[in-house]
Amino acid sequence: MSPEPDDGASPNRSTTRPEWDDWTTKAANEGHDLPLDAHLHTDQSPDSSVPIDIYAALAVERRIPEIAITDHVDFDPRDPAYRYTRFEDRERTVRGAAERWAKQGVTIRFGAELTYNQRWEADVREHLARHRYDYIIGSVHDWPESPYWPSRIRAWIEGRSIAEIVAPYYAEIIAAARSGLFDTIGHLDVVRRYLHPHVTAEQLAARQDLQEPALKAIVESGVSLEVNSSGLRYPGAETYPSGPVVARFHELGGKHVVVGSDAHARGSFAYRLGDSYRHLIEAGFDHLTFRRGSERVRIEVPDGTRIGTAGS
Ligand SMILES: [Zn+2]
Ligand SMILES: [Zn+2]
């Protein structure tokens, strides 16, 4: 995993686009009145410095009743979140905040984002056998020997077809889905960010067949597909995965989706999370599939018109 930038405040579009200053568009752009943000990094992740209470206060302010704290857990000693914090400390911090904030109407779940790779799958399995989380995201990042590492990416792309370029990433996604270890596959297609600007969004969009086996593996395994809005903060400006991929997931028989802003800074809390909801509603989903400890739960999503899918 390479560090993600602290991206500061989200643009306040309502000041420059007064016609957007309505309730529905605020919901879409700033993440108001949405039922869940299931992917947040606090100062217990090496690439975030946000204290948990900041997210809790923002959740109250934006009327988001439930959030999951999903700090990074890495398994390669060269990755930044390898033994960065102790499980016990993370759990105590999150459970303590959950107690403090419950009365104010926000429920805080203790989750984690585990970096998955086939080479350390046994370590992930062991970690999960010993530690209980409310909710677990499995994500494929640009692992230290990956061809997508910034110093290696150019050489990797040289002379290879798009299919060859993306193959190692999707192979890991397929293995993550089939491992049965996770509730959710995090930010599918984040490889696009690693490939930018060497491979363009247009080139990738023309070869959506390449992610089909990964989508099928996610469908067959029953793990949830996360629609992660963090990609909207990066070049290419699309959710991970994009709307058409979420639609394809539904066509293939996908039943389980969930959403997260993947905030690492206070300004990106729930940032454009309404776009994630919109994509899944437009694809035909009417609920999220999340886990609260021992139970996998279904969370209804707001009516599409209320987050700007109809007529806007
Ligand atoms: Zn991630
Ligand atoms: Zn994350």
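**Ground rules.** Before listing any elements, I noted that helices (H or I, at least four residues) and strands (E, at least two) are DSSP runs, numbered from the N terminus. This is a predicted model, so I kept in mind that local features need pLDDT of at least 70 and side-chain atom pairs count only at pLDDT 80 or more, while totals for chains, interfaces and linings use all residues. Residues are numbered from 1 along each chain as its sequence is written, chains are lettered from A and ligands numbered from 1 in the order in which they are written, and side-chain values use heavy atoms, with hydrogens and water left out.

**Pockets.** I took a pocket to be an open set of points on a 1 Å grid over the protein atoms alone, with protein on both sides within 12 Å along at least five of seven lines; a cavity is a set where a 1.4 Å probe fits but cannot get out, and lining residues have an atom within 4 Å of a point. A volume is the space filled by probe spheres set on the points, which are joined across faces, edges and corners.

The largest pocket holds about 420 Å³ of space. I found 18 residues in its lining, with V73, F75, R83, H127 and R130 nearest the centre. β2 (66–73), α4 (87–102) and α5 (121–130) each supply at least two residues of that lining, and α5 gives the most, with four. I sorted residues by type: Ala, Val, Leu, Ile, Met, Phe, Trp, Tyr, Cys and Pro count as nonpolar, Asp, Glu, Lys and Arg as charged, and the others, Gly among them, as polar. For the largest pocket this gave six nonpolar, four polar and eight charged.

The second largest pocket has a volume of about 180 Å³. Its lining includes R130, R95 and R291, and α5 again gives the largest share, three residues.

**Cavities.** My search of the whole structure turned up two cavities of 30 Å³ or more. The largest cavity has about 80 Å³ of space, and α7 (162–179) brings three residues, the largest share of its lining.

E113 sits in strand β3 (residues 107–115) and H187 in the loop between β5 (184–185) and α8 (191–195), 74 residues apart.

I called a residue buried under 20% relative accessible area, exposed over 50% and partly exposed in between (1.4 Å probe, protein chains only). E113 is buried at 0%, and H187 is buried at 2%.

**Rings.** Rings of Phe, Tyr and Trp (its six-membered ring) pair if their centres lie within 6.5 Å; planes under 30 degrees apart are stacked, over 60 edge-to-face and the rest tilted. I found nine aromatic pairs. Y135 and F290 form a tilted one, 4.6 Å centre to centre with 50° between the planes, and both residues are buried.
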